[in-house]
Amino acid sequence: MNFLHSPNINIKRRKKRDHKINNNEEKIYDKKQVSSKMIKDEYINNLNLKNYLSVVNPQYIEICPKKYLTRVSKTLDLSYLVKESDGKNFVNLIINDLSKNMTFVAEANPGTGVLTKHLLEAGIKVVHVYEPYECFYPILRKLQNEYPNRLEIRKGNILQMSKLYYMDLQDNKERINEILKDVPYTSWENESCMQVIGIITDKVFLRHLLLSVVFRTGFMSRGRTSFYLAIKPSIWDKLYVPQNKALMHFFYIMYQTLFDYKYLGEIDRLSYIPWPKHTLKQNKLINDKKFLKIVKIEPKSDLFNNSLKPNQIISYWYFVKYHLKSTNQRVIPELEKWIPGCGIRLIEKNYNIFTRFIDLTPTEFLNLHNEFISWPEYESCLFLSSAHSYIHIVNRNIESIDVSNLKNEKIANK
């Protein structure tokens, strides 16, 4: 019995020991594979952000503001790239295009410099980083010492230019000028005066960017600014694909008319923190959970050389915005409110009583606007007064814009 029993005891001990070893190995395995195994097995919803960071960039756990170290229900003011390999991928995707013009390269919210390092290694002569949180400065200064005279650290979130602009209007300070310090003034037709690299996760920034082109403020106050952005697929679609909803179609029409943009590639969505919480809406936007698109967006250099003149851009913006308040607005009835009897002219241009504004392409919208402002009645119609009132009420930056150009368009067009 002793002979028979002894091996069983040894086997049990060995199994217990092996089980303990296997458990330890499994913990190590889980930790090392958290960024790949759980994603592969579609356990993304259960993936823990801090576990992920402990693998890809542990220093964020110690120094990053806590609100970025969890899943969030609302979009925060900024996002951080934390994964080294995607920092390299991002730079590889943009460097060929960026190297053609590096007038003033600015990186928004660098954090620990994951992207910054690869920009410098790729040969960018000087990178100006805008970081609002000083907790990252010691790491950025180490990088600054590694690349002498090639990295400048500035405090602030450059992607919140609209907020800074509004604050300047309230207290007459010079926040925008400080943010844009050393950015050269260039003519619109020349190369962009600034190249901004960052991420946007909502359409608020796109609205500001649109207004900055229309009113030549903020980013566009010194010339054209180009952007290399990581952007959610759902937001990119709003700029690139015609929309069924009137408000979104407004963004599509305006961006198609005023901007050039280029798709450059993709990077992993998990590489940017914070992560969004899981909602039914996000479950529908499955691609937003998987990857971000890397794109280039910049105002068209020939914007004012073709169908649109500088003093017409405000009226065009209002023309599109007003007539895309709903999907049911029809061309002839709406324009006859401004200029009674113009329907006959529109019918001659192949419009009919059923033609809706939302059915127009960007080119057709621009041509219709140019036709509208060419009519003799335009100068005295109520459209200009309506535009003035809307701008004054909705856009508080009206004081800094020479909107009187609207009334002078007829003269300038001659």
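This is a predicted model: local features need pLDDT of at least 70, side-chain atom pairs count only at pLDDT 80 or more; totals for chains, interfaces and linings use all residues.
How far is the sulfur of C135 from the closest cysteine sulfur, and in which residue does that sulfur lie? The distance is 6.4 Å, to C64, too far for a bond. Residues are numbered from 1 along each chain as its sequence is written, and side-chain values use heavy atoms, with hydrogens and water left out.

A disulfide is a covalent bond between the sulfur atoms of two cysteines. Here it was defined as a pair of cysteine sulfur atoms within 2.5 Å. The search of the whole structure returned zero disulfides. For C64, the closest cysteine sulfur is that of C135. C64 is buried, at 2% relative accessibility. C135 is partly exposed, at 30%. Buried means under 20% relative accessible area, exposed over 50%, and partly exposed in between (1.4 Å probe, protein chains only).

Strand 4 spans residues 127-130. Helices (H or I, at least four residues) and strands (E, at least two) are DSSP runs, numbered from the N terminus. In a regular strand the side chains alternate between the two faces of the sheet. In strand 4, V127 and V129 lie on one side, and H128 and Y130 on the other. All four are buried, so both faces of the strand are covered.

Strand 4 pairs with two neighbours, pairing being called if DSSP finds at least two bridges between the strands. Strand 3 (residues 105-108) runs parallel to strand 4, joined by four bridges. In this pair, V105 stands opposite V127. Strand 5 (residues 151-154) also pairs with strand 4 in the parallel sense, over four bridges. There, I153 is the bridge partner of V129.

Strand 3, helix 6 (residues 114-121) and strand 4 form a right-handed unit. Strand 4, helix 7 (residues 137-146) and strand 5 form a right-handed unit as well. A crossover is right-handed if, with the strands pointing away from the viewer, the path from the first strand over the helix to the second runs clockwise.

Nonpolar cores were defined as sets of buried Ala, Val, Leu, Ile, Met, Phe, Trp, Tyr and Cys residues joined through side-chain atoms within 4.5 Å. The largest holds 81 residues. Its members that touch the most others are I158, M194, Y255, L258, W317, L335 and F372. Residues up to four places away in sequence aside, F372 touches F319, L335, W338, I339, Y378, C381 and F383. Contact here means heavy atoms within 4.5 Å. A second, separate core has 26 residues, among them L120, I124, V127 and Y147.

The whole structure contains 13 salt bridges. Each is a side-chain nitrogen of Lys or Arg within 4 Å of a carboxyl oxygen of Asp or Glu. One network links D97, R224, K262, K296 and E298. Within this group, K296 and E298 meet at 3.6 Å, N to O. Both are buried: K296 at 13% relative accessibility, E298 at 17%.

R345 bridges to E377, with the closest N and O atoms 2.6 Å apart. R345 lies in helix 17 (residues 343-348) and E377 in the loop between helix 18 (362-374) and helix 19 (383-394), so the pair ties together parts 32 residues apart in sequence. R345 is partly exposed at 27%, and E377 at 28%. D171 forms a salt bridge with R175, again with closest N and O atoms 2.6 Å apart. D171 is partly exposed, at 32% relative accessibility.
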